[in-house]
Amino acid sequence: MFTTASSPAGESSHDPGLGFGRVFTDHLTSMSWTTDGWERPQVRPFHNLSLSPATMVLHYGQAIFEGLKAYPHPDGEIRLFRPELNARRFQLSADRMAMPELPVDDFLDCVSLLVSTDRSQVPDRPGHSLYLRPLMIATEATLGTRPAEEYLFLVIGSPSGPYFNGASPAITVWVSEDLPRAHPGGTGNAKCAGNYAAGMAVQRTAAEHGADQVVFLDAHEHRYLEELGGMNLFLVRQDSRGTTLVTPPLSDTILHGITRASLLTLAADLGLEVEERPITLAEWRDGSDDGSVTESFACGTAAVVTPIGRVRTSAGEFVIGDGTPGEWSARLRTELLAIQEGTTPDRHGWMRVVS
Ligand SMILES: *Cc1c(COP(=O)(O)O)cnc(C)c1O
């Protein structure tokens, strides 16, 4: 059962300058699902949810989410970046978790409705945007272990600045050599809450080693690079053939990032060779040591392109380049942000106006 608390209790703010995901706009949009299907979208003041302690999501974890951003453009419009890809990925995540499929148009309508309602809270300073978090949870209250028969889809918005503190030029990562994030046949390519829960213990270990984020290896051989807890991974290689952007190939253990796909396109535009192929931890370390791996970065909606300067493993640390952000990381970041923020032509037709 889902009911609403009468008092708005979201931390709502008109100052969007503070970090990532800490303040929320004044409204949310929602749709509920029962075995009769989806109800109409609703716009409500941002509020706390009231849930029975027996609510299924609290026990069995049917919870999925998305992340996308709305950008104010110089022409006065607000635009979303490739939101239909988020809508489709949300359907794939729902299917993997035996949750109901939300039509792409309903997903897009709920997102647009929230952005247009809270238009005045979309921050317009450089490097800022309105981060949107669509999510779906099982709301039926029963302890039976089967797919729930009631769900709630919500979209909340968070005026946000840079994901990582701008003071740090490149992040340090910890390589999880024993505990993988995802297994073949598991849920690694679904954007489900449980994937994040499973990674928290390693994130804690990473923090103990002074690292900002975790890089996970494959579950089978513990040799191949996969991705970070919430970001995909790229290496830049420099050799006699030129400069190549390399990233692990997509599989069911890697989240199919929209930023990842977009950067592969932009890299080709910029004349880089691109390769999607398996990369071992040994290649990363040896290449960094002999200078053939000149840069590495993580990417995702929240973090855009975030350079990786240092890699810590149980065997010690290696440094990529001179440990500071590299040239291609910066160029790709600038190129992607220029399209997203509307300061360069949208040559691939990626941006969608919020009407
Ligand atoms: C969301 C996410 C990403 C990044 O995906 P984008 O579509 O680029 O935001 C990468 N890896 C994981 C595990 C994620 O959850």
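Visitor: How many salt bridges does a search of the whole structure find?
Guide: Happy to start there! This is a predicted model, where local features need pLDDT of at least 70, side-chain atom pairs count only at pLDDT 80 or more, and totals for chains, interfaces and linings use all residues. Residues are numbered from 1 along each chain as its sequence is written, and side-chain values use heavy atoms, with hydrogens and water left out. With a salt bridge taken as a side-chain nitrogen of Lys or Arg within 4 Å of a carboxyl oxygen of Asp or Glu, the search of the whole structure gives 16.

Visitor: Is glutamate 140, the salt-bridge partner of arginine 146, buried or exposed?
Guide: The closest N and O atoms of this pair are 2.7 Å apart. Buried means under 20% relative accessible area, exposed over 50% and partly exposed in between (1.4 Å probe, protein chains only). Arginine 146, at 36%, is therefore partly exposed. Glutamate 140 has 10% relative accessibility, so the class is buried.

Visitor: How many residues apart in sequence are the parts that arginine 347 and aspartate 269 tie together?
Guide: These two form a salt bridge, with their closest N and O atoms 2.9 Å apart. Arginine 347 lies in the loop between α7 (327-340) and β20 (351-353), while aspartate 269 belongs to helix α5 (residues 258-269), so the parts tied together are separated in sequence by 78 residues. Helices (H or I, at least four residues) and strands (E, at least two) are DSSP runs, numbered from the N terminus. The separation asked for is 78 residues.
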